[in-house]
Structure formats: structure tokens, C-alpha cells
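Q: I would like to go through this structure step by step. Could we start with charge on the surface and then move on to strands and salt bridges?

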Amino acid sequence: FLLLVTGVLAEEQITWTANQDAENEALPLSMKQRRQLLQLQETIQTSPNPNEILQQVAQANKMQPQDLVNMLEKNNRDLQQNPSLIETTSIPKIIMKVLASLSLLVSQFAQKHPRMFGFTSITLFLFIYASIVIPRTGIQISTNRSLLSKGPTTIFPPPKKYLQKLADSPKFGKRSLSVQAMKTKWDDLLLKEDGVKIHKVQRKSELSQAVSCQVSILPDDFVTGYQGEDIEDEGREREEDDYHWQKLEILEQLFEDASSLLSNRQLAEFSSEQKALRAVFSPDQRKHGILVVPALGDFMRYGLVYLRVTHQMESHRDATLTLTSLKRMRFDGQVHCHIRKYRKKMIITVHLVVRKRGRKLPNTLAKWIVASLADSLLKSTSQRTKQTLARQSQGKRFTSSSHRYATERRTLRLKKEKMLEDMAEDRRRKWQRSNPNSGRYRPSGDRQRS
């Protein structure tokens with residue numbers, strides 16, 4: 001055991017600074033020296049004969065045993081008064097110290113300036129709450145119409161995922177329609193020309209508000225390559241026939257693209273304004289949807305109108321989609337989209353009607369809703385038709401270029417073959433002129449005899 005203690009003492013070379021001036025204290029011990037003293041104290045206490053080990057250590061360091069005991073006791077007192085002298089620094093402890101100091105500063109600031117601290121705390125809480133909630137829901141402040149609210153409202157534009165999740169929730173299936181006797185005939189609201197119109201409602205009418213918007217698309221805007229009067233009389237008739245059939249094909253393509261927009265519920269895909277109208281439907285059944293209208297909600301914020309598809313029809317000339325608002329919304333009515341082919345053009349019509357004794361919308365806002373929906377359907381249809389025609393034209397150009405290249409190769413090959421035949425015929429004629437016995441050769445049989 002004495003050898004083990006000697007080895008420990010050899011490794012633990014404990015040194016100190018002598019006190020040259022009686023008035024000054026010794027220099028403070030380092031962290032390494034304090035750990036060595038703790039290890040030495042533990043070794044002495046756990047040994048079978050502590051007094052003997054203490055004397056050996058004191059003799060090895062040329063000091064009195066009592067001085068060594070005083071040094072160990074002083075080291076224990078210093079560590080008890082300030083445990084941080086022996087604690088190891090780590091990142092979590094540093095973070096805890098920083099947090100503790102910050103909390104202390106905050107508490108002191110709150111005691112000195114309570115009003116400013118309360119205002120700052122509320123502002124910070126609102127900022128953190130808004131940064132978390134805005135990307136998720138847009139901060140929805142109302143879910144139904146009540147005495148204090150016009151209807152479902154969000155302060156900021158709600159994200160598409162939140163609207164789809166909301167439209168797909170079971171709550172929509174439980175809500176009833178705001179209109180019991182729905183309008184099914186819309187011919188009386190058709191317009192004779194493009195534009196937005198507020199219909200005059202008679203007293204005996206079943207409606208209290210009716211607004212319509214109509215836009216037209218001509219196939220002539222998509223036709224390319226027509227020369228008109230610049231071509232000769234021989235090909236004019238053929239060119240006009242091709243132009244006529246091309247317009248009919250484009251009209252069919254326009255109607256097909258517009259019908260697909262209604263079936264896919266893409267009613268507000270190309271709304272170009274800064275505060276654009278949005279229409280989001282449930283991704284699964286596409287039966288319920290939400291119309292997001294700026295300035296429709298409380299405090300002129302974004303209003304949400306819950307809708308349900310009540311009628312949809314598609315034929316070879318017409319396609320319609322009727323949406324009815326649910327109860328306790330901003331207005332009680334229907335939105336009807338009608339697409340039809342009429343006199344070599346396609347017409348898009350959007351109606352917004354409110355039944356009698358129903359909750360109406362301001363006329364300016366109703367006009368803006370129908371105009372935005374009609375304009376979005378017009379732009380979406382035009383964009384899709386242009387993309388389809390561009391793909392078709394690329395395919396036709398590739399096919400025509402391949403056909404032209406193959407024709408040129410066949411023509412060149414025929415020319416070369418004819419040239420070779422002519423050259424062979426010419427050589428044959430020259431040979432026959434120079435050789436009078438040409439064509440009269442008869443075998444003599446000499447080769448067979450040899």
C-alpha cells in the first residue's frame with residue numbers, strides 16, 4: 001500500500017507559492033491543484049492508517065503535517081463556499097447560466113418599468129403567435145355569422161391546404177343549404193352582349209338580387225397561317241375551307257378545355273389582381289368548396305363563403321355548374337357558371353343570385369365576384385387552348401419535316417438510279433458501235449476440250 005501511495009504522490013506534484021510578504025495572501029490555487037488536493041484527501045481518508053500517510057506526504061513535500069491538514073481544510077471550505085471552482089464547464093451549463101442571467105435582468109426591468117414591460121410582453125407574444133398561426137390558418141377570427149360577425153373571416157389570406165382540409169371536414173356535410181327553393185332556369189338572366197349587368201328585380205320575382213357577367217372567346221384569335229385576299233384565286237377556296245375547319249376544331253378545343261375547368265372545379269385559377277378571388281374545393285369528392293373574397297369579412301378582411309355543388313350538367317354544346325351557399329354565411333344565394341357554343345364562338349356566363357328575403361351582397365362586391373370568376377375562366381381556357389395548339393403544331397411540323405425529308409431522299413435515290421441506267425445504256429451503245437460482232441458471240445467449245 002505504501003508503494004501505491006508513493007506512486008500517487010509521485011504523480012500528484014503539489015506545489016504552492018510562498019508568502020514573501022506577511023501582509024499579502026498566497027496566490028490562489030489553480031483548478032488542477034484543487035483537484036490534486038481533493039484526490040490526496042480522499043487517498044488519506046480511505047487508507048488503513050491515515051496519520052502515517054499524512055506524515056509521509058508532509059515529509060515528501062517538506063512541510064509540517066498540521067500545515068498540510070490546514071491546506072486541505074481550507075480547500076474544502078473554498079469549494080463549499082463556491083462550488084463553481086471545481087465544476088466543469090459545458091454547453092448546457094453555459095446556456096443555463098445565460099438564461100438565469102437573462103431572467104434576472106428581465107425581472108429587474110419589470111420591477112423598474114412595469115408598464116413598458118407589459119406592453120413589450122404583449123407585443124412579443126402577438127408577434128410569436130402570428131408567425132406561427134398565419135402560415136397555417138391565416139388567423140381565422142370567426143367561423144359563423146352572428147351578432148358580432150358577418151360570417152367566417154380570416155385576417156390574412158388562408159393557405160390552400162387549410163382550405164382543402166376545412167372543405168373536406170365532416171362539418172360541411174352536416175350543414176344545410178341557405179336556399180331551399182333553388183333556381184333551376186337561368187335563361188331569363190342571359191345577356192345579349194359581353195359585360196356586367198345588375199338585373200332589375202320585380203316585386204313579384206322570386207329573387208331579391210341578380211348580377212350577371214358574360215365574356216366571349218372567338219376562335220379567330222387562335223387561327224394562324226390564313227392568307228385571305230393575298231393568295232391567288234385558284235387556292236383561295238381551298239384556303240377558306242381549311243380556315244373554316246380549323247376554326248371549328250379550335251372551337252371544340254375551347255369548349256373541351258372550359259368544360260374540364262368546371263369539372264375540375266378550377267374556377268379562379270388565373271385571378272391576376274393583388275387581392276385575388278380564390279375558390280378551393282375538397283380534393284376527394286369535390287362536392288364542397290370555399291370562396292375566399294377580399295373585403296367580405298369583418299373589418300374589411302377576407303371573408304369565407306362555404307359552398308356546395310347542387311347541380312352539374314354537360315352536353316355537346318353546354319356545360320353548367322351551380323354552387324349554393326350554406327347556412328349562416330355572408331349571403332344566401334347561388335353562383336351559376338354556364339359555358340355554351342353560340343354562333344361560331346364560345347360564351348362564358350356567371351350569375352350570382354339571392355333568393356327573396358335572403359341576405360344580399362353589396363352590388364359592387366357582387367359585380368366584382370362574377371367578373372373575377374368569368375375573367376379567370378376566360379384566361380384559363382385561353383391558356384390551355386394555346387398550349388394544346390402549340391403541342392399540336394409542334395407535332396405537325398415534326399411530321400411534315402420528316403415526310404419532306406423522306407420524299408427528298410426517295411427523289412434523290414431515283415435520280416441516281418436513272419443516271420446510272422442512262423450511263424450503262426450509253427456505254428452499251430458505244431460498245432456496239434465499235435464492235436460489229438457485238439451480240440453475236442457463240443461459244444466454240446475449246447475450253448471444254450482443254
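A: Glu240 belongs to helix H9, which spans residues 233-263; helices (H or I, at least four residues) and strands (E, at least two) are DSSP runs, numbered from the N terminus. Please note that this is a predicted model, in which local features need pLDDT of at least 70 and side-chain atom pairs count only at pLDDT 80 or more, while totals for chains, interfaces and linings use all residues. Residues are numbered from 1 along each chain as its sequence is written, and side-chain values use heavy atoms, with hydrogens and water left out.

Q: Is Glu240 buried, exposed or partly exposed?
A: Glu240 counts as partly exposed because its relative accessibility is 37%. Buried means under 20% relative accessible area, exposed means over 50%, and partly exposed lies in between (1.4 Å probe, protein chains only).

Q: Which residues form the negative surface patch?
A: The patch consists of Glu237, Glu240, Asp241 and Asp242. Patches are made of residues with over 30% relative accessible area and no salt bridge, with like charges joined within 9 Å and nonpolar side chains (Val, Leu, Ile, Met, Phe, Trp, Tyr) within 5 Å. Asp and Glu count as negative, Lys and Arg as positive, and His and the chain ends are not counted.

Q: Which residues gather in the patch of positive charge?
A: Arg409, Arg410, Arg413 and Lys416 gather there on the surface. Arg413 is found in helix H10, residues 363-434, and Arg413 is partly exposed because its relative accessible area is 46%.

Q: Now the strands. How many residues of S9 are buried?
A: Strand S9, residues 333-341, has nine of its nine residues buried. Both of its faces are covered: Gly333, Val335, Cys337, Ile339 and Lys341 lie on one side, and Gln334, His336, His338 and Arg340 on the other.

Q: In which sense do S8 and S9 pair?
A: Strand S8, residues 318-325, pairs with S9 in the antiparallel sense over seven bridges. Two strands pair if DSSP finds at least two bridges between them. Asp318 stands opposite Arg340 in S9.

Q: And how many bridges join S9 to S10?
A: Nine bridges join S9 to strand S10, residues 346-355, and the two run antiparallel. Val354 in S10 is the bridge partner of Gly333. S9 and S10 form a hairpin with four residues between them, and Arg343 in the turn has a positive phi of about 50°.

Q: What about salt bridges: how many are there?
A: The count comes to eight salt bridges, where a salt bridge is a side-chain nitrogen of Lys or Arg within 4 Å of a carboxyl oxygen of Asp or Glu.

Q: Which residue does Lys183 form a salt bridge with?
A: Lys183 forms one with Asp188, and the closest N and O atoms are 3.4 Å apart. Lys183 is buried, with a relative accessible area of 7%, whereas Asp188 is exposed at 55%.

Q: What is the partner of Arg355?
A: Arg355 forms a salt bridge with Glu206, with the closest N and O atoms 3.3 Å apart. Arg355 lies in strand S10 and Glu206 in the loop between strand S3 (195-198) and strand S4 (207-217), so the pair ties together parts that are 149 residues apart in sequence. Arg355 is buried, with a relative accessible area of 13%, and Glu206 is partly exposed at 40%.

Notes. Accessible areas come from the Shrake-Rupley method with a 1.4 Å probe; for residues, only the protein chains shown count as cover. The place of a charge is taken as NZ of Lys, CZ of Arg, CG of Asp or CD of Glu.
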